[in-house]
There are 2 protein chains.
Amino acid sequence: MATGRTHRPATRSRGIPEATVARLPLYLRALTALSERSVPTVSSEELAAAAGVNSAKLRKDFSYLGSYGTRGVGYDVEYLVYQISRELGLTQDWPVVIVGIGNLGAALANYGGFASRGFRVAALIDADPAMAGKPVAGMPVQHTDDLEKIIEENGVSIGVIATPAGAAQQVSERLIAAGVTSILNFAPTVLQVPEGVDVRKVDLSIELQILAFHEQRKAGEETGAAAEAPVSGAGASAAAGAGTGAGGTGAAPAAAVEPPAGRGAATARKNGPEGDVPAVMPA
Amino acid sequence: MATGRTHRPATRSRGIPEATVARLPLYLRALTALSERSVPTVSSEELAAAAGVNSAKLRKDFSYLGSYGTRGVGYDVEYLVYQISRELGLTQDWPVVIVGIGNLGAALANYGGFASRGFRVAALIDADPAMAGKPVAGMPVQHTDDLEKIIEENGVSIGVIATPAGAAQQVSERLIAAGVTSILNFAPTVLQVPEGVDVRKVDLSIELQILAFHEQRKAGEETGAAAEAPVSGAGASAAAGAGTGAGGTGAAPAAAVEPPAGRGAATARKNGPEGDVPAVMPA
DNA sequence: TATTGTGAAGAGATTCACAGCC
DNA sequence: GGCTGTGAATCTCTTCACAATA
């Protein structure tokens, strides 16, 4: 402890943990809000609360960036905003294209928080010729035929895919071939991309399914069952805070659906984890 | 190895790791696709490829659910679809409300994959009186005043918030007070909720910022810099697969923005991680 | 022979707790 | 006295590698 500088591989190498990177935008948002209220400094405790994490984690995260705080005082808000922005690459301007201007694509194009933080919608692209030229969010939709030209002329390296699932893979290949190296994928499909290309995905139905899992567990707990059966990571069951009384029993779901119906090449079926079958039974 | 049953805390307790839960929907989607093509069985290797993970992880994940495979053969597709659905609680019907019917809310309401897997949009709610009664996705929008009534009458336990950031906290409190215990939050704000309520968030701008971070790093690597400087978790830099050539140099971003401008209670400023200041310099 | 299921090792992330500094 | 920065401990997740087995 405190014997200078030991961790961090060796020479330079930034090596910020991925988990930390994923939280930096959260801190940045909280800090921006403080900055707008002209708050000059903030402690790790306060900032952590605003960002919805605990203070030890926040301090550890910041320690990967450098020593930007003042002991006994806290962090200078403006300075930290700048440092995090720089670390995230937001001091640059990132032109972005959105491919697939349906409901979702249009919503994304209209989303304000987009432009605010270093990102700029350079073009909207759709495969439907009927869409071409129509203005969405004050910008004419362009046809997929010109995708490569648009990417190259605008120096786009980040693409957003909001097409139907069936088109996503092909769109990603064209984007990548034209020079895009980061993709934000809203289509409910797994993209296969070459090494060196980053893909992040946003999937409504996956998120809902994860919630349903936890919801089901909660329902099970009400009905007896050893209170000792939590998922490892505790989901996202948030810290206290506001809260208007925690509400009643949690509202039970409605009907059951789709029983097993052992069709197909039925071979398997062995042991479930243990005896306790919840809610719906297997067969 | 095969010496019976050692891990898992003790008595019953399901204890599926959160990371596993988060992947189950992915497996389910891949399996559903196989099922539609009437593929009877699948190996961990094939399924893993389709889901975009490696096979060891997949097998480990499935091992938490039970022994549903057949050595030398693979997994029965139909059976596994059912088991995962059950584990996720998708054999039930989950009524969901969407609050905030702007661009995004409307897009969500229209999103098909919603209804398909156990979820049903029970109501669309918006604070704008002008919206009330207007049909969106074939369903009349209802006014926020009736929120509590709607939640209770429909037994809703999952709420989706697609309001502006400013309204989200208050909406979440009303949802929770009315009985909702799981929230999917699209508003760019951290919700403070009481213990026992699960929140998952989807945030476009956070995802873009994470991509920008990796993008910036890639750009830096081109310009010399010890090739040994990866982020711990390797982001989402996907496995190989298709890929149309990995494209050119990756397109450099355009102008720089917003220098430090040391205003406010300027105190801090010490050491950055190490000497190498990239792109934009601090002061 | 092909493929699962899983201990054990390894890597990462979180939390603790306290020394160091303002 | 208050708060940061960080080693060390702990916990969780991933990967390895191979015995068990259809």
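Guide: A salt bridge is a side-chain nitrogen of Lys or Arg within 4 Å of a carboxyl oxygen of Asp or Glu. By that rule A:Glu18, A:Arg200 and B:Glu207 are linked in a network of salt bridges. This is a predicted model, in which local features need pLDDT of at least 70, side-chain atom pairs count only at pLDDT 80 or more, and totals for chains, interfaces and linings use all residues. Residues are numbered from 1 along each chain as its sequence is written, chains are lettered from A and ligands numbered from 1 in the order in which they are written, and side-chain values use heavy atoms, without hydrogens and water.

Visitor: What makes A:Glu207 and B:Arg200 a salt bridge?

Guide: Their N to O distance is 2.4 Å, and the limit is 4 Å, so the pair qualifies. A:Glu207 lies in helix α9 (residues 204–222) of chain A and B:Arg200 in strand β10 (residues 198–201) of chain B, so two chains are joined. Helices (H or I, at least four residues) and strands (E, at least two) are DSSP runs, numbered from the N terminus.

Visitor: Why is A:Glu207 called buried?

Guide: Buried means under 20% relative accessible area, exposed over 50%, partly exposed in between (1.4 Å probe, protein chains only). A:Glu207 has 14% relative accessibility, so A:Glu207 counts as buried.

Visitor: Why is A:Glu153 called exposed?

Guide: The relative accessibility of A:Glu153 is 61%, and the exposed class begins over 50%, so the label applies. A:Glu153 lies in helix α7 (residues 147–154) of chain A.
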